[in-house]
Amino acid sequence: MSRFGGSSRFGGGVSTMEFETSSVFGEAETRTSIANQIALGKQAQEQLLMSFLRSYHTKDGKFVYRDQLLANYKSGCPWIKVEMEDLCSWESSLASAVESDPAAFISTFEHAAGLYIYQMTNTGSSDSEQQPVPTIQVLLNKNDAPTSIRDISAASICKLVKLQGIVVSASRVTPRPLVIVIRCKSCHSEVSLTSQPGQSAPLIPKLCQNSNTAIKCPADSYSVLADKCTFIDTQTLKLQENPESIPTGELPRTVLLMVDRALVGRAIPGTRISVVGIMSASSSTRDRSVGAGGACLALSYIRAICITPQSGGGRSLPSFKPEEESVFSHLASRSDVMDVLLRSTAPAIYGLPTVKQALLCQLFGGSSKTLPDAVKLRGHINVLLLGDPGTAKSQMLKWVEKVSPIAVYTSGKGSSAAGLTASVTRDPHSREFYLEGGAMVLADGGIVCIDEFDKMDVSDRVAIHEAMEQQTISIAKAGITTILNSRTAVLAAANPVYGRYDDKRSGEENIEFQTTILSRFDLIFLIKDKRNEEGDQRIANHLIGIHSQQPGGVSVSSEQLATTEIRDTLTIDQLKRYIMYCRSKCSPRICSQSAKILEDYYVNIRSQARRAQQLVRGKPVIPITIRQLEAITRVTESFARMQRLQETTAHHARQAIALFEAATVAAIHGQSPLMRELSPELAKEISTAEEIIRGMLPIGTTANEQFLVAQLAKRGVKSGVAFAAIDVMVKRDELESRRQRKAVLRKH
């Protein structure tokens, strides 16, 4: 919406408002004289502000603030949001008044808004029918660049500041007295005390202030008349700087926000907001004696006068220059865009193309959906990297943390259920309980990277079940019952039970995770450190080449991003901006061809799993459920989003199936030879090996597993078939594994 100033702002539709411009405060000719008298007192400033509310309009003749104020007041919402740029362009003299004393200016503006609405609503009414002057809250917003929480200093006290961050905790909504009426118990005289905005509260005098009584009233004779007091709703928020803006190795900085009236309840933990407020300080209330320093300032806070929640899953929508959009649009239209993105993914890590492809899918993500019955389907993709030490799992997590627009990195051993989700803590000053969001709340709209996922306690892993699928966190503690948003993807890295993956052991012995947590991962990769001379030589050459390069890298500024031509690879900054560009510009949907391909594949893989389960008579650790069909759907949408397409193609569906086969299906096959699609010949060989084992091992006896395999080999049974037969009998509870699979006991 365009604004304009000068003499032209009184043109157009002003002629239709003659009854207003003839008001005692409304003549356009008097505005200049009022501006010249602005320093004379509060009344002149009120007149100028009332004239602004009445006369300011846009180029198309809309009186935005007058209409907004009347509409809000009639609907029971006594507040108005004013852009500071409009106010200063309408009258430049007001800019100095805001900067010099913002608290006094806001108070004057609110009183002027109340007087204006009083005039508008009481026109033509008799004195007996007129209502008192209403209280209007003014939300003053400005579009300046935000100040970092780290840059707040003593010079900011009593000044207007703009901050951006994420709300990590929110207190309960409590009433605060705006006007306190007290009565003396002795002489029954009443006194009204007005409190200042913010945390300050009026002090009730110890001695009676009535000097007309002959008898001196005793000390502490005042009592509060609650029915005559005026209260407003207040709330305390803790604002923390955005995780992506915290310098490496530094602790996050926080600041307290005091919100009241219309701003209460606008932000919950995990919400990213932009706040305009007045830096204030409150005095200590522990000891009011002057000798003990009771008048000293003890606590600084921000008195919020405008809060704007940032959209886009907890984040404001990014803006792009036309030149930058042209570069990204050309990249998306290239036929080799997938190869360019893959080459740009963790280039310092050798190999692992399928894992890098999965990380790209996670960064771009699928499309979130809300069904007509209000059921929400997540679009974020969860990935689990399970493998041997030294396979660059942690390096991949660190790379994703740098590239993702929003990311939080944590370690499983140092994380608890409350640290990942949310906790209820007690304020040491007010002794009230309030919510404090964890890592998955702070990463709302981004990715949570959890390293050493296997080192977490089982109870802590169970706590993130809801956050991984429903993308919410439910809290019911200390009388606080609420639901927080956790619209985030999870990238986890873990080691097998014995440190390295043992092909001779079954999946249950190698993977210590429960089926409930594994089914929530869309892609599960089993990364093995294969001992291969040729492969080791290539990895060594790649690593030595990295160490022999010159230290430092080439950084690209934001101005250069818009004009830099993208050729073979992308820098981290370019890739991050391209991810933000694709996620903000398109939301792909599944086409009919892709839907048919995905349906047929799901039915086929379920039938394979069912045949293997009938032979084993047990369920695999990594099941194939309807969640896996949703996972493939999300991966298909992510491939389409990489090319900035609004609809998927059959090729995208085949790419998603191939990636799922290389990830989750390969991990299932890696559990045991039985999970492969069995041929009739192989099933017959396994059955024959079972009969031989029953003949060799009487019920109740124990034998070494390697001895059994060696005896079966003498009878022509392959070692793979022998291990498979032992696995089948263990799953059927015919055999019991002992001493870490070194021995087996025949049970029945």
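Select cysteine 208 and cysteine 187 to begin. The sulfur of cysteine 208 has its closest cysteine sulfur in cysteine 187, at 3.6 Å, which is too far for a bond. A disulfide is a covalent bond between the sulfur atoms of two cysteines; here the term requires a pair of cysteine sulfur atoms within 2.5 Å. The structure holds 0 disulfides. Cysteine 208 counts as buried because its relative accessibility is 16%, where buried means under 20% relative accessible area, exposed over 50% and partly exposed in between, with a 1.4 Å probe and protein chains only.

The model is predicted, with local features requiring pLDDT of at least 70 and side-chain atom pairs pLDDT 80 or more, while totals for chains, interfaces and linings use all residues. Residues are numbered from 1 along each chain as its sequence is written, and side-chain values use heavy atoms, leaving out hydrogens and water.

Next, select residues 174–184 and 190–194. These are strands β4 and β5, which run antiparallel and are joined by 5 bridges. Strands are DSSP runs of E with at least two residues, helices are runs of H or I with at least four, and both are numbered from the N terminus; two strands pair if DSSP finds at least two bridges between them. Valine 179 stands opposite threonine 194 in β5. The hairpin of β4 and β5 has 5 residues between the strands, and histidine 188 takes a positive phi near 65° there.

Proceed to strand β17, residues 447–451. How many of its residues are buried? The strand is mostly covered, with 5 of its 5 residues buried.

Strand β14 (residues 407–411) pairs with β17 in the parallel sense over 5 bridges, and threonine 410 has isoleucine 450 in β17 as its bridge partner. Strand β20 (residues 489–494) also pairs with β17 in the parallel sense, over 4 bridges. Here isoleucine 447 stands opposite alanine 489 in β20.

Finally, select helix α8 (residues 322–333) and helix α20 (residues 572–585). Their axes come within 11 Å and cross at roughly 85°; axes are lines fitted to C-alpha atoms over the stretch in contact, and angles run from 0 to 180 degrees between N-to-C directions. Therefore α8 is roughly perpendicular to α20, a description covering 65 to 115 degrees, with under 35 roughly parallel, over 145 roughly antiparallel and the rest oblique.
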